[in-house]
Amino acid sequence: MAQNRDDGSQLLIEMRDIVKRFPGVLANDGTNLTLRRGEIHALLGENGAGKSTLMNILSGLYKPDSGEIYVDGEKQEFGSARDALLAGIGMVHQHFCLVDIFSAAENVTLGMAAPRVHLNMADVEEEVGELGRKYNLGIDPHARIWQLSVGEQQRVEILKLLYRDAHVLILDEPTSVLTPQESDELSVTLRRMADSGRGILYISHRLAEVCAIADRVTIIRGGRNIATLELEEIDEERVANLMLGAEVSPLVNVDCSKEPGDVILEIEGLNVMSDRGLSAVSDANIIVRAGQIVGLAGVAGNGQRELADAIAGLHEIDSGEIKILGNLVTGKRAREIINAGVSLIPEDRTGTGLVSSLSVTENAILRGYWNSRFSGRILINWDEVGMHTQKLVEDFNVKTPHTDEEVWKLSGGNQQRLLLAREMTSEPPVIVASHPTSGLDVQAAMDVHNLLIEQRDRGAAILVISEDLEELMTLSDQIIVIYDGRVTEPIAGEDADRAELGLLMMGSGVKEKV
Amino acid sequence: MRVKIEKRLDIPRSLVILLPLVAVLIAFAISGVLIAITGANPFIAYAMMWKGAFGTTYSLSETIVRSIPLMLAGLGVGIAAYAKLWNIGGEGQIVMGAFAASGLALFYPDLPRPVLIGGMMMLGFLAGGLWAVIAALPRIYMGINEIITTMMFNFIAGFWVKYIVQGPWRDPVLVAFPFTAQFDKVAWLPKYFGTRIHLGLVVALISALIVTLLLFRSKWGFELRVIGGSLKAADYAGINVKRSLMLAMLLSGGLAGLAGMTEVTGILHRLQDGIAAGAGFSAFILVALANGNPFGIIVTGFLLGALLTGGTTAQTMGVPPQIADILQGLILFFALASTFFTRYRVWIDRSEAVSATVKSGD
């Protein structure tokens, strides 16, 4: 483990004074970074701090405007990802680059120059299997990518790099798609790879995780490396302060003094099938009252998406009842459910929640353009819509050059603020928020939390779906856990215990209850 | 030295105008070489084409006449494209629109003129529109690629009208020819300025206005653009996607049907084989060059009309008439290729270190 310290010649990678400018954005402003042989080095920073850009430069995808990269003490310039890979540097991106209908082994060998003519898949498969065993990356080399879970697909990505003999591996938020268990497996793998003399660069914004696994941490803020801490110097509070550049204020003030009001959202005996025809939600009973936030905890893929979509009328219901303000909405169309006062903040922000090719103004009325305020029988009153949007953008602090800007040009945080602004401005009685802060930086996440609390305090019934226990424990008045489509009894927010919730999320406990 | 390609984060406004122009210029340069190969002087040929398209009042009016069906078919392709529907069936829809309008002209010539002309327009629109909707049903309900189905429907419509004009509706006098009898004069569209420019031009201009209003001012147009942007977002907004797409296809095919109607009632005055003359395909060139803008389509329709009219004139100096078709093809090719440059920045990287890196990596 991290044997070689502070000896320049032992550095695997040294990046000096990297500057990268995009139109209107200075992504890297003289960033420095070193990577030692055999270490796991975490890069921490908010969204837009410049971590990903820096790593894209190191892996040859971007060319820096100025600055130097040394690999094993030798100056290098990469013209493409292939150049970087030839120099032993490979990256696993957040979105995998795999061919769905090819096998794992085929994906591993895809794009390699050798052999030129005859490809002996049996050899490749054996080698891939061997590498997998060595580094705790067990997968079936014959399996097609579409048959593999997300965690297994990530293993294939890592195997791709190991097969190409990369000795510097860059992972961009690798655990964001993994279950807690898979995350633990991954950390074993990373440690084994580091022990074999490789260097690992690890982008994250999960503090706890970084503290548990990294040998060193470099904190990046505003395109500059603010500090690099050794293992023994890492502590959560200090790292958070460095990341934000200020003392972190407490996330939100949960006001438990108010008594929750009437039942607003009532779900009874709900059964929903997944798109594949399997049971996704079974016999779910959930009650959310006015002025109450109920947190739904669970590892992604346990029926949360189907549950949220069923409430919003976007997914067919097999059996059971959903009542809003006492009125049965089961079987109603999405439009009727919107009009009944249900707001949904979908987890897929730019594909579902917003139309990224349309303007801020057009997105501002996506779920309400039919209201008499915005349109007549046929025509939309764009003047009125424009004024509404202007107010929305100001009230909710959405940063955009102008309201005609296309949404894909906004940052993730501003996209989410726009989405929340639209869903909350009508003060709906029910809000279902699905992974409302995923991918957002600390400041943006805090804003989202404050908005949700505000809505609760004015009397909304809110269901927050998240994987982030920290988030749910800060926000929720009650927490329920979903596992394999089944939900637990509610646990009061103040009684919630991290370890217990974690166990429930992993499925121990639910079974005993049934 | 190496050519580098990088995605643009912002699309400069000037490029949207400049690139189609460059595409057209390159197309002219290449077909100039082809003209030279046929033995003619390309500069003289182009000068002839210019004169043939704009030289006299007559040629200008012929250019406009030629562009009317192109504009209408182009608007049709454009409106569907906003929902990411590719209606390749313009040819068939033009033919069916012409067929339906001809039926009324042939069998009800005694109707009062406004009723007859209004009725032919309605029938032409509906026939083209329904032909498009039928072709798109498999897409809307089963996700089958509409490019294939709409295109196949071109053949059905084409052969249907071929049969009609050679069989049941054949001209009783000139029996040897594949066309119907001439319509009664009452069914001819009014013409203006002593030229062949007919009411179809007004129809095309009004259509462009209506399409603009529908797309950018109406609720339905908004829904259509949401569908084109993201199907999932359309569901999330509670949009009735199937109904919207059906309406888009009805309008798209209907506009092509109007093109067929104005062509038979304004110019030919009878139904005959091959009246679409490629307008349904050329429509894509207009839309690509105009970037989907309805009034842009009117402009590009006029320019393509000029190209075709000029191409006919250039024949008189021994340039094969197919040159105009080749030019069309080249323009579309380069117009589509140019969209690459609106999305990516390309430059030449002269630093030598790159090749050194590759060596050291080997």
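**Entry 1: helices H7 and H12, chain B**

I began with a contact list: Ala204(B), Leu205(B), Ala208(B), Val211(B) and Thr212(B) of H7(B) meet Pro294(B), Phe295(B), Ile297(B) and Ile298(B) of H12(B). I note that the model is predicted.

I then looked up the geometry. H7 of chain B covers residues 200–217 and H12 of chain B covers residues 294–314; their axes come within 8 Å and cross at roughly 150 degrees. H7(B) is therefore roughly antiparallel to H12(B), since angles over 145 degrees count as such.

**Entry 2: helices H3 and H10, chain B**

At what angle do H3(B) and H10(B) pack? I read about 170 degrees for H3 (residues 57–81) and H10 (residues 241–268) of chain B, with the axes 7 Å apart. H3(B) and H10(B) are therefore roughly antiparallel to each other.

I listed part of the contact. On the H3(B) side, the residues include Val65(B), Ile68(B), Pro69(B), Leu72(B) and Gly76(B). On the H10(B) side, they include Met249(B), Leu251(B), Ser252(B), Leu255(B) and Glu263(B). The contact of H3(B) with H10(B) has 17 nonpolar, 4 polar and 1 charged residues.

**Entry 3: chain A overall**

I counted 18 helices and 21 strands in the secondary structure of chain A. The C-alpha trace of chain A spans about 70 × 50 × 50 Å along its principal axes. Of the 514 residues of chain A, 46% count as buried. I also noted that 69% of the contacts in chain A between residues at least 6 apart in sequence join residues at least 24 apart.

The domain assignment divides chain A into domain 1 (8–94 + 167–244), domain 2 (250–341 + 430–436 + 459–514) and domain 3 (348–425). I recorded 27 Å between the C-alpha centres of domain 2 and domain 3 of chain A.

**Entry 4: helix H1, chain A**

How many of the 8 residues of H1(A) are buried? I found 8 of the 8 in residues 51–58 of chain A, so this helix is largely enclosed by the rest of the structure. Among the buried residues of H1(A) are Lys51(A), Met55(A) and Asn56(A). Just after H1(A), I noted a positive phi of about 85 degrees at Gly60(A).

Key. Residues are numbered from 1 along each chain as its sequence is written. Chains are lettered from A and ligands numbered from 1 in the order in which they are written. This is a predicted model: local features need pLDDT of at least 70, side-chain atom pairs count only at pLDDT 80 or more; totals for chains, interfaces and linings use all residues. Axes are lines fitted to C-alpha atoms, for helices over the stretch in contact, and angles run from 0 to 180 degrees between N-to-C directions. Helices (H or I, at least four residues) and strands (E, at least two) are DSSP runs, numbered from the N terminus. Angles under 35 degrees count as roughly parallel, over 145 as roughly antiparallel, 65 to 115 as roughly perpendicular and the rest as oblique. Two residues are in contact if their C-beta atoms, placed from the backbone, lie within 7 Å. A residue is buried if 20 or more other C-beta atoms lie within 10 Å of its own, exposed if 12 or fewer, and partly exposed in between; C-beta atoms are placed from the backbone. Domain bounds come from an automatic or database domain assignment. Ala, Val, Leu, Ile, Met, Phe, Trp, Tyr, Cys and Pro count as nonpolar, Asp, Glu, Lys and Arg as charged, and the others, Gly among them, as polar.
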